[in-house]
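Student: Could you take me closely through the aromatic rings in this model, and through what surrounds them? I would like one connected account, with every cut-off stated.

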Amino acid sequence: MKISKILASVSACALAASAMAISAFAEVTNGNTIGDDGKKFYSVDVMADYDVTAIYGVTFDLTWTDGGKGCGGGVGFNSESTGWKSIEYGNEGSDKALILDANGDFTYTSENPIFAASDTYAQIWVQNWWGAEVTFENITVLGKDGKPLAKKGADDSKGDDTKTDDTKKDDTKKDDAKTDNTKKDNTKKDAAKTGDAGVGLALAGLTIAGAAAFVTKKRK
């Protein structure tokens, strides 16, 4: 066999081994879903916590073993209206739609709501196809103004807390009123007892005085 063919064969083996090594790391380390390729990715169900018709974007908070210097993958959405919609991301210098920032994170925004009112399920997901290991940390769901979108019932819970505080205040006032009334009633009762005792002593004094007068008359 010619030396050129041997070198070509060695190079092919090296590339295959390198591809296998990259492929082994190309997944989300803490992924909660297994894809068709057997690799883990992370999926978040936003239907329960958000008004999906108000979702216009999402920021992905990720941690890379190499800071995201060399990577490639996809993020997207899954619902009846979007289907399995995928947007590719990559590191600085790549030609991907989404580019990682200095922290290894990225943001996707849309001019229109991402999901429809008719959707019965809505998921946001992130996959890593090649490059260093990546760990999913968090997502921030964004509204039309590009600011974080509040979860359902966030304002209602504050209202409930306020009501709870008012109830406590009212109960405290009632308890104070009861305490004051009890004290007043006890004071009246004590005064009444004191008055009765005074009358009793007075009558006893009169009785003794009368008896003494009777005895004196008898002696005379």
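**The aromatic pairs and their surroundings**

Tutor: The structure holds nine aromatic pairs, where rings of Phe, Tyr and Trp (for Trp, the six-membered ring) pair if their centres lie within 6.5 Å, and planes under 30 degrees apart count as stacked, over 60 as edge-to-face and the rest as tilted. This is a predicted model, in which local features need pLDDT of at least 70 and side-chain atom pairs count only at pLDDT 80 or more, while totals for chains, interfaces and linings use all residues. Residues are numbered from 1 along each chain as its sequence is written, and side-chain values use heavy atoms, with hydrogens and water left out.

One of the pairs is formed by Tyr 42 and Phe 136, whose ring centres are 3.9 Å apart with the planes at 15°, so this pair is stacked. Tyr 42 belongs to strand 2 (residues 40–45) and Phe 136 to strand 9 (residues 134–142), so the pair links parts of the protein that are 94 residues apart in sequence; helices (H or I, at least four residues) and strands (E, at least two) are DSSP runs numbered from the N terminus. Phe 136 has a relative accessible area of 8% and is therefore buried, a word that means under 20%, with exposed being over 50% and partly exposed in between, for a 1.4 Å probe and protein chains only.

Another pair joins Phe 77 and Phe 115, where the centres lie 5.9 Å apart and the planes meet at 85°, so the geometry is edge-to-face. Phe 77 sits in strand 4 (residues 71–79), whereas Phe 115 sits in the loop between strand 7 (106–109) and strand 8, so parts 38 residues apart in sequence are tied together. Phe 77 is buried because its relative accessible area is 1%, and Phe 115 counts as buried at 3%.

Phe 60, Trp 64, Tyr 89 and Phe 106 form one aromatic cluster. Beyond its neighbours within four places in sequence, Phe 60 is in contact (heavy atoms within 4.5 Å) with residues including Phe 106, Trp 125, Val 126 and Ile 139.

Leaving aside neighbours within four places in sequence, Gln 127 touches several residues, among them Phe 41, Trp 84 and Tyr 89.

As for the whole, the protein has two helices and nine strands, and 26% of its 220 residues count as buried. The average pLDDT, the predictor's confidence in each residue from 0 to 100, is 73, with 59% of the residues scoring at least 70. Over residues 187–220 the pLDDT is below 50, and this stretch has zero contacts in the model beyond near neighbours in sequence. Where pLDDT is low, the predicted coordinates should not be read in detail.
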